[in-house]
Amino acid sequence: MVKHHLPDALLMAYAAGNLPEAFSLVIAAQASLCDEARVRLEAFDTLGGAVLDQAEPVAMAAGSLEATLALIAASQAAQIPAPVQHDCAVLPAPVQDYVGGGLDKIVWRSAGMGVKQAILSASDEATVRLLYIPSGVTIPDHTHGGMELTLVLQGAFEDGEDHFARGDVEIADESLKHTPMAVGPEDCICLAATDARLKFSGLLPRLAQPFLQI
Amino acid sequence: MNSFTGPRANRMTLAQKYLKFHVKREASAWRGKGVWTRNKFLIQAARCPVEYPSDEKKPLYQRGCFLMLVLRSVGLGDGTATVTKIDSQEQSWADLMERIKTRQDQAAFAALFAHFAPRIKGFLIKSGASESLAEECTQEAMATLWHKAHLFDPSRASLSTWVFTIARNKKTDMLRKQRRPEPEDLPWGQEAEPDQADVLELQEESDRLSKAVANLPEKQRHLVEKAYFGDMSHSEIATETGIPLGTIKSRIRLALERLRHEMK
């Protein structure tokens, strides 16, 4: 059972198509694991449809319908690619699409202390990565210039008094200093999106930051 | 063709005044039934309804014919051969989609185009697209609607919802130039025929939502529009939209639970 859900504002921004790709991936992955999120997303899609229904129309150019029919005729032959087989029990389908397969296809880079990461997508706006944290390891204390979304895919982590398991998502921002620690029998795999570089509080992690690229 | 504004409005003939009165009355009568708004009605009325499927639709057909004649006589109807098979007003969007799907029906597509294309274009312009990019994007979105017609399931989403998601994805693709990851697809395709009761209820819920949006106080409506159409970031979005989403959520939840149950 998912206990830590995504807030409405993020779901609505995703439904509206206004989130950076990195965050969209976390939302899509979480909704793949959580029916509650799926329901709320579809409700926001419906609201989008209602807004579109009530929107002020802007006249199409002359001959637009004919041009569209020509476009359809021209692309008639275009095939919709066959859906990719998703058969990894840990990675949700949208994440598998970025990795190019299951867990065995992830190209991990070591980040020290047994922690590994794999960047899936990075832009000026935001970055999304997979994190591998061995059980018992704590990610150094850091605060955020912007927002960080962390979704648990395997194992669990604890941050202060909160426990996050598969499907749970933690939202951290400037105000939150957090030290997530992987707990439980399994090593923890997370999908994390950040919209600004993290600021580590200690000196050594700060030196490590360029290597971590986070 | 189907506009009462612009230069034409200044030279309104008696016939047009009469027509306008009728159109208004008809449109408001149909609005109560759900999907039909004034614009949709006008498009339909201006085009020739050549057949009616049942006796109960006969009066509608007759009124449609009469209006069509009036429209033609004042030069508003195009009466062209491309669009001849739009029958009764109660034809729902879902039926038009079905005709595109099964018969590659261009007339059905034209009716959907007339309604949705200008709205998609407006949406894209408000999202920051130039006039020409919005036009191009809209044409592509409408072409996608044609190509993906077989994926549209009216028991899962209303057509407005579905068209919105297509337009939004085009926006992500062409304006933001990004990929859009989607949640894992659920195997909805197992049910051969969508349940008509589900289709109807979902349509009603969606219509109710549209009305709720239309009836919002100006300022609030603007905020909701901006959240969807503008480039509002998540931190700027007011969580409280003032629109009751509870009912639509319960409907979607119910459909999802049924599906999960079937998958077991």
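This is a predicted model: local features need pLDDT of at least 70, side-chain atom pairs count only at pLDDT 80 or more; totals for chains, interfaces and linings use all residues.

Analyst: Chain A contains six helices and eleven strands. Of its 214 residues, 55% are buried. Among the contacts in chain A between residues at least 6 apart in sequence, 66% join residues at least 24 apart. The accessible surface of chain A is about 9,200 Å², with carbon and sulfur atoms accounting for 55%.

Between the chains, 61 residues of chain A are in contact with 69 residues of chain B. The area buried between chain A and chain B amounts to about 6,000 Å², and carbon and sulfur atoms give 63% of this area. N18(A), L52(A) and M60(A) together supply 11% of the area that chain A buries against chain B, more than any other three residues.

On the side of chain A that touches chain B, at least two residues come from each of α1 (8–16), α2 (21–33), α3 (35–53), α4 (64–74) and α5 (93–99). Helix α3(A) gives the most to this side, with 18 residues. By class, the side of chain A that touches chain B is made up of 37 nonpolar, twelve polar and twelve charged residues.

Helix α3 of chain A also holds L47(A). L47(A) counts as buried because its relative accessibility is 0%. In space, the C-alpha atoms of L47(A) and A16(A) are 9.6 Å apart, while 31 residues separate the two in sequence.

Four salt bridges are counted between chain A and chain B. One pair that joins the chains is D45(A) with R168(B), whose side chains meet in a salt bridge at 3.0 Å, N to O.

Over all chains, the count of salt bridges comes to 16. Within chain B, K121(B) forms a salt bridge with E135(B), and the closest N and O atoms are 2.8 Å apart. This pair links distant parts of the chain, with K121(B) in helix α6 (residues 106–126) and E135(B) in helix α7, 14 residues apart. K121(B) is buried, because its relative accessible area is 0%. E135(B) also counts as buried, at 8% relative accessibility.

A further salt bridge brings together the side chains of E225(B) and K126(B) at 3.4 Å, N to O. E225(B) belongs to helix α10 (residues 218–229) of chain B and K126(B) to helix α6 of chain B, so the pair ties together parts that lie 99 residues apart in sequence.

E225(B) takes part in another salt bridge, with R221(B), at 3.7 Å, N to O. R221(B) and E225(B) are separated by about one helical turn, because they are four residues apart in helix α10 of chain B. At 21% relative accessibility, R221(B) counts as partly exposed. Elsewhere, salt bridges that share partners join D45(A), R168(B), R180(B) and E182(B) into one network.

Technical notes:
Residues are numbered from 1 along each chain as its sequence is written. Chains are lettered from A and ligands numbered from 1 in the order in which they are written. Side-chain values use heavy atoms; hydrogens and water are left out. Buried means under 20% relative accessible area, exposed over 50%, partly exposed in between (1.4 Å probe, protein chains only). Contact means heavy atoms within 4.5 Å. Accessible areas come from the Shrake-Rupley method with a 1.4 Å probe; for residues, only the protein chains shown count as cover. Buried area is the accessible area (1.4 Å probe) that two parts lose on being put together, summed over both. Ala, Val, Leu, Ile, Met, Phe, Trp, Tyr, Cys and Pro count as nonpolar, Asp, Glu, Lys and Arg as charged, and the others, Gly among them, as polar.
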